[in-house]
Amino acid sequence: GRNHLLFNLYSGTWPHYTEDLGFDPGQALVAKASFCSESYRPRFDVSIPLFSREHPQRGGPPRGGLLSNTVPPRRRYLLAFKGKRYLTGIGSDTRNALHHLHNGKDIISLTTCRHGKDWEKHTDSRCGKDNREYDRFDYQELMHNSTFCLIPRGRRLGSFRFLEALQAACIPVLLSNGWELPFADIIDWGKAAVVGDERLLLQIPSTIRAIPNDKILAFRQHTQFLWDAYFSSVEKIVSTTLEIIKDRIFTHVSRNKIMWNQMPGGLFVLPQYSTHTADFPFYYLEQGVTPPREFSALIHSVSPLVSQSQTIIKLVKALAKSKYCGQIIILWNCDKPLASRGTWPPTRMPLIVVQADRKVMSSRFLPFHNISSEAVLSLDEDIVLSTSEVDFAFIVWCSFPTRIVGFPARSHFWDSSKRLWGYTSKWTNEFSMVLTGAAFYHRYYHHLFTHYLPTHLLDLVDSTSNCEDILMNFLVSAVTKLPPVKVTQKKQHKEPLMQQGSKSTRWTDPVHFAQRQNCINTFASWFGYMPLVHSQLRLDPVLFKDQVSVLRKKYRDLERS
């Protein structure tokens with residue numbers, strides 16, 4: 001069994017519920033639900049959650065609707081349980097005692113002995129009353145209206161209701177002595193669950209009543225993070241298992257506990273990029289780090305350089321005037337020979353012209369070693385931006401380093417008649433994407449785009465020469481669970497067609513638009529849900545358009561745009 005991994009999804013069956021697999025696993029690693037701590041081999045086996053057959057394969061159902069500022073954090077009921085009562089056999093001691101917690105007010109503990117084919121043979125004096133009370137409450141409604149959810153052991157140490165409680169933002173109160181909690185190697189369950197002792201059942205109410213509101217809110221928020229990051233689909237459970245094993249093997253390139261237990265979670269933090277939290281934008285606030293005040297401009301060039309009046313030349317000159325621009329990188333994806341350094345305007349910062357191995361659309365998001373700064377300004381060659389616009393957008397990005405911050409915005413919508421997602425470029429007060437033809441983001445997203453996304457999505461982008469900006473927005477929103485940030489009100493960010501010397505561009509091509517409609521549905525299918533988030537926020541400079549002297553305005557040029 002050496003170098004083998006065995007998944008045991010349903011530990012033990014009636015009547016003895018033994019953990020015996022029925023064969024000797026030898027030296028194989030075992031990923032098992034309801035793992036007993038006595039048989040668990042630390043740093044070798046992996047404890048996984050018990051999940052039902054209906055558990056989503058990809059993506060996963062939505063969270064419990066908990067908002068980051070939910071006040072008050074407590075729900076209608078303090079503690080709730082609704083489930084089977086085992087009259088005899090394994091797990092009966094704990095389940096038979098749960099009725100002592102029920103007060104009918106803020107603690108609802110309901111059990112029924114009405115299960116199994118011969119339950120009436122084992123009925124006792126409490127069964128009738130228990131069954132009547134049991135039928136008065138809906139399971140899901142009770143769970144979604146409770147602050148804490150009791151998770152006692154049943155026939156097995158683990159329970160389906162454990163994941164159900166996490167999804168519902170109901171803090172699990174665990175009563176299962178000897179249970180090795182799922183992914184306990186990496187997850188700090190003390191931030192999301194209360195671990196009790198079956199022998200001290202009657203102390204549970206006083207224990208949870210003593211937990212203050214701020215900690216309750218933090219607990220509930222963490223249940224939502226863990227559900228989203230590791231448990232909402234079979235794919236995430238399997239991926240987390242494999243990544244835990246990889247971290248054990250490659251200890252020199254592994255994630256630390258902070259990476260596993262904070263947003264966006266270990267699956268989105270690739271240790272091949274770095275093992276230091278300060279190198280990722282997600283931990284700046286906790287580490288007390290602010291992004292360096294310097295960015296790298298990356299211009300995607302697909303047209304030959306034939307004139308000094310071309311838009312890309314004007315763009316380089318505008319970037320050269322920015323006090324925050326540390327370098328300008330031209331990605332030469334043109335079929336014509338590489339333009340020499342002498343054809344580009346003189347700049348005070350390094351100007352580097354690079355070529356990818358393949359001249360394809362996805363190459364603009366390759367993790368080029370030439371990029372020396374944390375911030376990247378991604379630009380199309382025909383974008384028109386002033387130095388003031390660039391500087392203001394960068395200052396905004398420094399406050400939102402995990403997100404895309406930029407100029408041209410787009411949106412998505414659900415077309416109920418076609419039962420498909422739609423893409424729109426109409427100018428409205430709502431958007432969900434900021435196009436990477438003129439946007440800032442952290443350079444880590446280049447690494448994530450290249451090494452996290454599957455090949456078939458990158459092939460779609462390259463075969464159509466389209467949708468790379470949509471895919472990057474999908475990725476960043478999936479990581480952050482937040483929308484991008486739009487700056488300034490300017491609608492037009494490209495040169496007029498006649499000035500470009502062409503009669504049409506790909507943006508006016510109906511095939512181009514149809515491809516983007518197809519892309520948005522293909523991407524949503526792979527992610528398993530729609531990660532894009534709508535926003536109505538636009539950030540402008542202080543005193544923007546105010547009737548005061550322009551001498552008081554730092555970015556006065558923006559009002560001329």
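Predicted model: local features only at pLDDT ≥ 70, side-chain atom pairs only at ≥ 80, totals over all residues.
Let's start with the whole chain. The C-alpha trace spans about 90 × 60 × 50 Å along its principal axes. There are 561 residues, and 54% of them count as buried. The accessible surface comes to about 26200 Å², with carbon and sulfur atoms accounting for 53% of that.

On charge, we have 68 positive side chains and 50 negative ones. The centres of those two sets lie 4 Å apart.

How about contacts along the sequence? If we take contacts between residues at least 6 apart, 72% of them join residues at least 24 apart.

Now to a pair of helices. How do the axes of H13 and H16 cross? H13 covers residues 455-464 and H16 covers residues 510-527; their axes come within 11 Å and cross at roughly 175 degrees. Angles over 145 degrees count as roughly antiparallel, and H13 and H16 are therefore roughly antiparallel to each other. If you'd like to find the contact on your screen, look on the H13 side for His 456, Leu 457, Leu 460, Val 461 and Thr 464. Across from them, H16 brings Gln 515, Asn 518, Cys 519, Thr 522, Phe 523 and Trp 526.

Stay with H13 for a moment, and follow the chain into the loop between H13 and helix H14, residues 468-480, where you will find Cys 467. Its phi is near 75 degrees, a positive value in a residue other than glycine. Is Cys 467 buried or exposed? Cys 467 is buried, with a relative accessible area of 0%.

There is another residue of this kind to show you. Leu 543 is not a glycine either, yet its phi is positive, at about 70 degrees. You'll see Leu 543 in the segment after strand S19, which is residues 538-539.

While we are on backbone geometry, here is a peptide bond to look at. From Met 263 to Pro 264 the bond is cis, with omega near 5 degrees. Pro 264 sits in the loop between helix H8, residues 257-261, and helix H9, residues 284-287.

Next, Arg 443. You'll find Arg 443 in the loop between strand S17, at 438-442, and helix H12, at 444-451. Its relative accessibility is 23%, so Arg 443 counts as partly exposed. Which residues does Arg 443 contact, leaving aside neighbours within four places in sequence? They are Tyr 273, Ile 371, Ser 372, Ser 373, Glu 374 and Val 376. Take Ile 371 from that list: Ile 371 and Arg 443 are 72 residues apart along the chain, and their C-alpha atoms are separated by 7.8 Å.

Last stop, Leu 242, which is in helix H7, residues 234-249. At 40% relative accessibility, Leu 242 counts as partly exposed. Between Leu 242 and Gly 422 there are 35 Å in space, C-alpha to C-alpha, and the two are 180 residues apart in sequence.

Technical notes:
Residues numbered from 1 in each chain as written. Heavy atoms only, no water. Buried < 20%, exposed > 50% of the residue type's maximum accessible area, 1.4 Å probe, protein only. Contact = heavy atoms within 4.5 Å. Areas by Shrake-Rupley, 256 points an atom, 1.4 Å probe, with all protein chains shown as cover. Lys, Arg positive; Asp, Glu negative; His and termini not counted. Charge placed at Lys NZ, Arg CZ, Asp CG, Glu CD. Axes fitted to C-alpha atoms, helices over the stretch in contact; angles between N-to-C directions. Helix = DSSP H or I, 4+ residues; strand = E, 2+ residues; numbered from the N terminus. Parallel < 35°, antiparallel > 145°, perpendicular 65-115°, else oblique.
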